[in-house]
Amino acid sequence: MPGGASAWYDGGMELLRTHQGLLVRGTVAATAPSGCSRCLNEFASRCQIEVEEEFFPVVDVNTGRRMEPPWDYDGTTIDESHVLDISEVLRQCTIAAQPIKPLCNEECQGLCQECGVDLNESKCMCSGGDIDPRWEALAALLNQPEN
């Protein structure tokens, strides 16, 4: 997460016993800090995430004997103290649910390409009239009167 800040989660989880461990399922609303791709300001990004992950114990609850993970093990475990920590799963699901180009709002104006001023906060004094020479011919078409 940007700036080392953490996300906030709200929702419910359902735990189901499987033959090898516990299946954790649920829908969670996540609020995580994000950076706007236009103006670069940090804002709180909200998303819904679906979680479904199986956790495997490393120690048998009844005997205290060490257990081997299944062959398709992906790293989610219930630790020696029988604690199921879903924070890493939530973090990864939150990152995957974030948009590729996050926006602080749909009307974000971004930054001026010449002076760098945040166009959401103030207008810049740049000319803005400089046209890329490769587009001049097309711009001339816009100025022609219609027949």
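This is a predicted model: local features need pLDDT of at least 70, side-chain atom pairs count only at pLDDT 80 or more; totals for chains, interfaces and linings use all residues.
**Entry 1: strand pairing**

I started with Thr27 and looked up its bridge partner in E3, which turned out to be Glu50. I then checked Gly26, and its partner in E3 is Val51. Zooming out, I found that E2 and E3 run antiparallel and are joined by 14 bridges.

Next I followed the turn between these strands. E2 and E3 make a hairpin with six residues between them, and Leu40 in that turn has a positive phi of about 70°. I flagged Leu40 in my notes for that phi.

On to E1. This strand pairs with E2 over 10 bridges, again in the antiparallel sense.

I get an open sheet of four strands in the order E1-E2-E3-E4, with mixed pairing. E1 (8-17) and E4 (77-78) are the edge strands, each pairing on one side only.

**Entry 2: the core**

Which residues make up the largest nonpolar core? I listed 10 of them: Val24, Val28, Ala30, Cys47, Ile49, Val51, Phe55, Ile78, Val89 and Leu90. Strand E2 (22-35), strand E3 (42-57) and helix H1 (87-97) each put in at least two residues. E3 gives the most, with four. Val51, which I had already met as the partner of Gly26, is one of the core residues.

Ignoring neighbours within four places in sequence, I found Phe55 in contact with Gly21, Leu22, Val24, Thr76, Thr77, Ile78, Leu84, Asp85, Ile86 and Val89. Among these contacts, Val24, Ile78 and Val89 are also on the core list.

**Entry 3: salt bridges**

How many salt bridges are there? I count three.

I took Arg25 and Glu14 to begin with, where the closest N and O atoms are 3.5 Å apart. Arg25 sits in E2 and Glu14 in E1, so this pair ties together parts that are 11 residues apart in sequence.

Then I went to Arg66 and Glu80, with the closest N and O atoms 3.8 Å apart. Arg66 is in the loop between E3 and E4 and Glu80 in the loop between E4 and H1, 14 residues apart, so I noted this as a link between distant parts of the chain. Is Arg66 buried or exposed? Arg66 counts as exposed, because its relative accessibility is 56% and the cut-off for exposed is over 50%. Glu80, at 48%, counts as partly exposed.

Last pair: Arg91 and Glu88, at 2.7 Å from N to O. Both are in helix H1, three residues apart, which I noted as about one turn of the helix. Arg91 comes out partly exposed at 36% relative accessibility, and Glu88 gets the same label at 38%.

**Entry 4: surface patch**

Trp135, Leu138 and Leu141 make a nonpolar surface patch of about 340 Å². I looked up where Leu141 belongs and found it in helix H2, residues 136-143.

Technical notes
Residues are numbered from 1 along each chain as its sequence is written. Side-chain values use heavy atoms; hydrogens and water are left out. A nonpolar core is a set of buried Ala, Val, Leu, Ile, Met, Phe, Trp, Tyr and Cys residues joined through side-chain atoms within 4.5 Å. Buried means under 20% relative accessible area, exposed over 50%, partly exposed in between (1.4 Å probe, protein chains only). Contact means heavy atoms within 4.5 Å. Patches are made of residues with over 30% relative accessible area and no salt bridge: like charges are joined within 9 Å, nonpolar side chains (Val, Leu, Ile, Met, Phe, Trp, Tyr) within 5 Å. Accessible areas come from the Shrake-Rupley method with a 1.4 Å probe; for residues, only the protein chains shown count as cover. A salt bridge is a side-chain nitrogen of Lys or Arg within 4 Å of a carboxyl oxygen of Asp or Glu. Two strands pair if DSSP finds at least two bridges between them.
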